[in-house]
Amino acid sequence: MRTLLKMKQRGEKIVMVTAYDTPTARLVDEAGVDAILVGDSLGMVVLGLPSTLQVTLEDMVRHTAAVARAQPRAMVVGDMPFMSYEASVSEAVRNAGRLLAAGADAVKIEGGAAYSDVIKAMTRAGIPVMAHVGLTPQRHKLLGGYRLVGKTAQEALEVIRDAEGAEDAGAFAVVIEYTAAEVAKKITERLTIPTICIGSGPHCDGQVLVIHDILGLAPSPPPFAKKYVDLASIIRDAVKQYAQEVRSGEFPAPQHYWSMKTNEEKERLHKLLEGLKSRKMAPSRD
Ligand code: KIV
């Protein structure tokens with residue numbers, strides 16, 4: 001947390017990316033990111049669910065633990081799924097505690113000022129909280145879809161107030177998703193804590209993207225994502241080649257399999273099998 005704050009103070013950009021499993025966490029950490037978000041985007045990009053609303057706390061605990069097992073140098077942030085922090089403050093703290101016990105360094109909740117009580121209680125319990133304002137996908141039904149937020153002055157002001165409320169309650173950072181760039185700029189200037197943007201322009205203290213969007217593995221990425229490699233084509237081509245080699249007999253080659261110890265052992269097996277009944281079906285009389 002202190003590192004991210006110092007980065008903001010020094011004007012160094014913070015890099016956050018999502019990961020949901022051990023090998024990916026290891027790779028993004030080796031790439032030198034500052035924070036890994038085990039996002040509830042898990043539901044869509046990994047579990048094939050229609051939205052984040054179906055993601056459970058159990059899903060998040062399991063995938064947070066998988067990421068933490070990579071022992072990354074980067075901070076691990078576990079996303080609180082839909083309905084895990086809304087019903088009551090005590091339940092929210094208990095659920096956040098489960099993500100910390102699974103290995104997260106902090107949790108993220110979708111919300112700001114309206115969740116001041118939750119942010120305060122979690123912080124009091126020793127759980128660092130990252131807030132999330134602007135487009136909050138867990139509320140996409142209420143928002144009227146996954147739309148750009150803060151295009152009007154009134155809506156922009158609400159987002160700014162939301163972020164300020166999160167800071168006042170004790171959040172250590174805030175994600176700003178899919179707002180007009182001016183809104184993210186104002187928030188970044190007004191807050192002491194770092195802002196991390198996704199689809200909200202360049203004026204934030206850092207950026208976050210979903211790893212499947214970066215790698216070209218998401219079939220319908222959001223308009224603000226950037227694909228850095230077409231891993232889908234690379235994977236498809238590799239598996240096609242494997243299938244073709246299996247069918248042609250080229251795979252496995254001698255370096256991919258092993259023989260019995262000695263010719264004597266082979267002879268012994270041959271004799272042992274002679275003593276067994278044949279397992280071949282008798283040919284059909286039809
Ligand atoms: O779940 C997620 O991946 C997120 C990011 C889009 C910020 O919340």
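Helices (H or I, at least four residues) and strands (E, at least two) are DSSP runs, numbered from the N terminus. This is a predicted model, in which local features need pLDDT of at least 70 and side-chain atom pairs count only at pLDDT 80 or more, while totals for chains, interfaces and linings use all residues. Residues are numbered from 1 along each chain as its sequence is written, and side-chain values use heavy atoms, with hydrogens and water left out. Lys186, for example, belongs to helix H9, which spans residues 181-190.

**The ligand and its surroundings**

- The residues around the ligand are Thr18, Leu37, Gly39, Asp40, Ser41, Asp79, Lys108, His132, Glu177, Ile198 and Val210; a residue counts as near a molecule if one of its heavy atoms lies within 4 Å of it.
- This shell comprises three nonpolar, four polar and four charged residues, where Ala, Val, Leu, Ile, Met, Phe, Trp, Tyr, Cys and Pro count as nonpolar, Asp, Glu, Lys and Arg as charged, and the others, Gly among them, as polar.
- A polar side-chain atom of Ser41 is 2.5 Å from an oxygen atom of the ligand.
- For Asp40, a polar side-chain atom is 2.9 Å from a ligand oxygen atom, and for Lys108 the corresponding distance to a ligand oxygen atom is 3.0 Å.
- On its own the ligand has 260 Å² of accessible area, of which the protein covers 94%; such areas come from the Shrake-Rupley method with a 1.4 Å probe.

**Backbone features in loops**

- Phe251 and Pro252 are joined by a cis peptide bond, with omega at about 5 degrees.
- Pro252 is located in the loop between helix H11 (231-248) and helix H12 (263-274).
- Gln71 is not a glycine, yet has a positive phi of about 50 degrees; this residue is in the loop between helix H4 (57-68) and strand E3 (75-79).
- Gln71 counts as exposed because its relative accessibility is 69%; exposed means over 50% relative accessible area, buried under 20%, and partly exposed in between (1.4 Å probe, protein chains only).
- Met83, also not a glycine, has a positive phi of about 75 degrees and lies in the loop between E3 and helix H5 (89-101).
- With a relative accessibility of 47%, Met83 counts as partly exposed.

**Residues in helices**

- Asp29 is part of helix H2 (residues 22-30) and counts as buried, its relative accessibility being 15%.
- A polar atom of the Asp29 side chain lies 2.9 Å from the backbone nitrogen of Ala74; a polar contact is a pair of N or O atoms within 3.5 Å, and within protein one must be able to donate a hydrogen and the other to accept it, while residues adjacent in sequence count only if both atoms are side-chain atoms.
- Ala166, in helix H8 (residues 153-169), is buried, with 0% relative accessible area.
- Ala166 and Ser88 are 78 residues apart along the chain, and their C-alpha atoms are separated by 18 Å.
- Lys186 counts as partly exposed, at 46% relative accessibility.
- Between the C-alpha atoms of Lys186 and Gly126, which are 60 residues apart along the chain, the separation is 29 Å.
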